[in-house]
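Student: Could you take me through how features of a protein model are read from its atoms?

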Amino acid sequence: MPSESVLKEKQLIVEQMTEKLKSQSGVFVDYSGISVIDDTALRVKMREANVEYKVVKNNLMRFAIKNVGFDELDSILEGTTSLAVCDDDPIAPARIIKEYADKFNGYFEIKAGFMDGKVLSASEVGAIASIPALPILQAQLLGTMLAPIAQLAVVLKAAAEKGGASVDVEVQVDEAPVEETADAVTPVEDVAEVATEAPAEEHAEAATPDATEATEQEATPAE
């Protein structure tokens, strides 16, 4: 029977594993075929991506998965098992593990995974691994958000250019009435000249009978 100190040590390991399973995402791996050199390179890459990677004991992991309700993972806890977890980038563990699984086909295999409290099959982990890294996703999201703004800028520019053409037309329209006004003034002056000349003629004609009558009146006494 294990000593009390050994039991406490194992209990501490189970508690630590339980906390790892509460991470944002993780992947279980059968690492039996990978060489020491390749394993070292894998661990370096994991650290660079802020992914924690370590070998776990199946019998202790069984207690941990029960603590978080991942009972369906019990069947994968056979042979050699390692676990990669990450809180920063949920895609990172799957992406790196899938890269090595493809590189060492049959010697480094995905067993299962989890994300946001949901258990994932090996095929689901592989599908998630194809999602771009978080910085790329952020850039794509930013591009998507800026796209409507860019389209609006194009529309506003087109509207501004169209508005400039309308201004030219308005200027031409404003100039047109000036010419029409000039044409309209000429007939008024002509009429004024005719109106000025007409009374003069009528006055002359009106003065002629008065002169005739005056002549006749002056001639009458003489007779």
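Predicted model: local features only at pLDDT ≥ 70, side-chain atom pairs only at ≥ 80, totals over all residues.

Tutor: Residues are numbered from 1 along each chain as its sequence is written, and side-chain values use heavy atoms, with hydrogens and water left out.

Student: How many helices and strands does the chain have?

Tutor: Helices (H or I, at least four residues) and strands (E, at least two) are DSSP runs, numbered from the N terminus. Here the chain has six helices and five strands, and from the N terminus on the order of the elements is α-β-α-β-α-β-α-β-β-α-α.

Student: What share of the residues in the chain is buried?

Tutor: A residue is buried under 20% relative accessible area, exposed over 50% and partly exposed in between, with a 1.4 Å probe and protein chains only. Of the 223 residues in the chain, 26% are buried. As for contacts (heavy atoms within 4.5 Å), among those between residues at least 6 apart in sequence, 77% join residues at least 24 apart.

Student: Which residues of helix 2 are buried, and which are exposed on the other side?

Tutor: An α-helix has 3.6 residues a turn, so residues three or four places apart point the same way. In helix 2, Asp39, Leu42 and Met46 are buried. Seen down the helix axis, the buried residues of helix 2 fall within an arc of 60° and so line one face, the arc being that of the directions from the axis to the C-beta atoms. On the other side of helix 2, Ile37, Arg47 and Glu48 are exposed. The buried residues of helix 2 pack against strand 2 (52-55), strand 3 and helix 4 (92-103).

Student: What span does helix 2 reach from its first C-alpha to its last?

Tutor: The expected span is 1.5 Å times one less than the number of residues. Helix 2 (residues 36-48) has 13 residues and reaches 19 Å, close to the 18 Å expected; helix 4, with 12 residues, reaches 17 Å, close to the 16 Å expected. After helix 2 comes Asn50, whose phi is positive, near 60°.

Student: Where does Ser82 lie, and with which side chain does its own side chain make a polar contact?

Tutor: A polar contact is a pair of N or O atoms within 3.5 Å; within protein, one must be able to donate a hydrogen and the other to accept it, and residues adjacent in sequence count only if both atoms are side-chain atoms. Ser82 lies in strand 3 (residues 82-86), and its side chain makes such a contact with the side chain of Tyr53 (2.9 Å). Ser82 is buried, with a relative accessible area of 0%.

Student: How many aromatic pairs does the structure hold?

Tutor: A pair of aromatic rings is described by the distance of the centres and the angle of the planes. Rings of Phe, Tyr and Trp (its six-membered ring) pair if their centres lie within 6.5 Å, and planes under 30 degrees apart count as stacked, over 60 as edge-to-face and the rest as tilted. The structure holds four such pairs. The rings of Phe28 and Phe114 have centres 6.3 Å apart and planes at 55°, so this pair is tilted. The pair links distant parts of the chain, with Phe28 in strand 1 and Phe114 in strand 4, 86 residues apart. Phe28 is buried at 0% relative accessibility, and Phe114 is buried at 1%.
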